[in-house]
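Me: Could you help me understand the words used for this structure? I would like to see how each label is reached.

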Amino acid sequence: MEIEGVRPVAEILRKAGRVAVLTGAGISSESGVPTFRGKDGLWRQFRAEDLATPEAFRRDPKLVWEWYDWRRGLIANVEPNPAHKTLAKWEKIFPEFILITQNVDGLHARAGSRHILELHGNIWKVRCLKEDAITESFDSPLREIPPRCPSCGEIVRPHVVWFGESLDPDVLERAFASCSRCEVMLVIGTSAYVQPAASLPLYASEAGAVVIEINPDPTPLTSSASHSLKGKAGDILPLIDQFLTGS
Ligand code: NAD
């Protein structure tokens with residue numbers, strides 16, 4: 001398969017020591033996880049404000065948890081795709097490699113990535129409403145809805161960032177710090193609408209990084225990116241890898 005611009009991007013990466021990557025829902029779409037804004041996007045079937053806000057959870061925790069239980073079941077039954085796997089491989093190749101993701105699905109970790117900044121949390125973690133303690137929870141389906149804290153019995157919530165909530169300041173600071181240091185930033189499968197994640201590539205660019213976007217569709221970032229590779233991440237990343245590592 002020939003995709004225009006792949007070889008020059010591989011050359012840029014070959015010379016890079018510090019690489020940052022921002023991923024969005026698009027990277028998991030080839031695994032079968034719906035994006036939010038695509039044609040089969042999650043918000044076409046559900047209203048975000050009914051399900052992914054603190055108000056919605058206060059109003060009807062059972063409804064919100066039923067939706068998360070459905071999403072967890074869907075994700076539990078899919079596998080990381082070649083795009084996730086290529087990024088996991090590159091973590092071992094580049095001297096500095098940081099993976100910043102907006103995804104909550106945990107597929108990067110399942111593919112083997114270890115240096116991950118999860119901007120929007122993780123669907124496989126829950127947070128106690130009383131003690132704020134965060135625990136992993138892999139039950140799918142959940143044993144009770146809403147699920148309860150194993151230590152105090154209070155209801156737990158998904159450890160994800162909802163509409164109207166702030167990101168973990170420590171995670172965000174580390175993400176911006178990585179973007180200010182990187183020589184190359186790859187932006188993969190994000191519509192670049194959700195802030196503050198969408199600012200990260202602009203921040204990297206202002207700090208002198210080469211910004212490379214991989215997405216089948218144009219985004220608000222496309223015109224300012226140094227390189228824009230049009231296509232699916234699961235096709236393009238393994239192709240870049242062939243030029244980069246010869247394997
Ligand atoms: P988005 O749904 O707004 O945009 C997805 C983008 O991916 C689009 O620009 C689309 O053109 C692109 N895309 C689709 N298929 C692709 C492919 N095969 N390869 C490369 N790109 C592809 O997603 P977003 O920008 O991440 O922002 C939405 C929010 O949705 C984030 O906060 C995220 O937490 C949340 N979300 C996460 C998941 C997940 O964890 N898998 C799924 C849905 C939504």
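Reply: Happy to! Keep in mind that this is a predicted model. Helix H7 (residues 82–90) lies across S1, S2 and S7, at about 145° to S2.

Me: What makes the pairing of S1 and S7 count as pairing?

Reply: Two strands pair if at least two bridges are found between them. S1 and S7 have 5 bridges, in the parallel sense, so they meet that cut-off. As an example of who faces whom, Val19 stands opposite Val184 in S7.

Me: What is the order of the strands in the open sheet, and which are the edge strands?

Reply: The 6 strands run in the order S3-S2-S1-S7-S8-S9, with parallel pairing. Strand S3 (116–118) and strand S9 (227–229) are the edge strands, as each pairs on one side only. From one strand to the next, the twist averages 15°.

Me: Why are Leu200, Pro201 and Ala204 in helix H10 called buried?

Reply: Buried means under 20% relative accessible area. Leu200, Pro201 and Ala204 of H10 (residues 199–206) are buried, so each of them falls under that cut-off.

Me: How do you know that the buried residues line one face of H10?

Reply: Look down the axis of H10: its buried residues fall within an arc of 95°, so they line one face of the helix. They pack against several elements, including strand S1 (18–23), helix H9 (169–181) and strand S8 (210–214). After H10 comes Gly208, with a positive phi near 105°.

Terms used. Residues are numbered from 1 along each chain as its sequence is written. This is a predicted model: local features need pLDDT of at least 70, side-chain atom pairs count only at pLDDT 80 or more; totals for chains, interfaces and linings use all residues. Side-chain values use heavy atoms; hydrogens and water are left out. Buried means under 20% relative accessible area, exposed over 50%, partly exposed in between (1.4 Å probe, protein chains only). Helices (H or I, at least four residues) and strands (E, at least two) are DSSP runs, numbered from the N terminus. The arc is that of the directions from the helix axis to the C-beta atoms. Contact means heavy atoms within 4.5 Å. Axes are lines fitted to C-alpha atoms, for helices over the stretch in contact, and angles run from 0 to 180 degrees between N-to-C directions.
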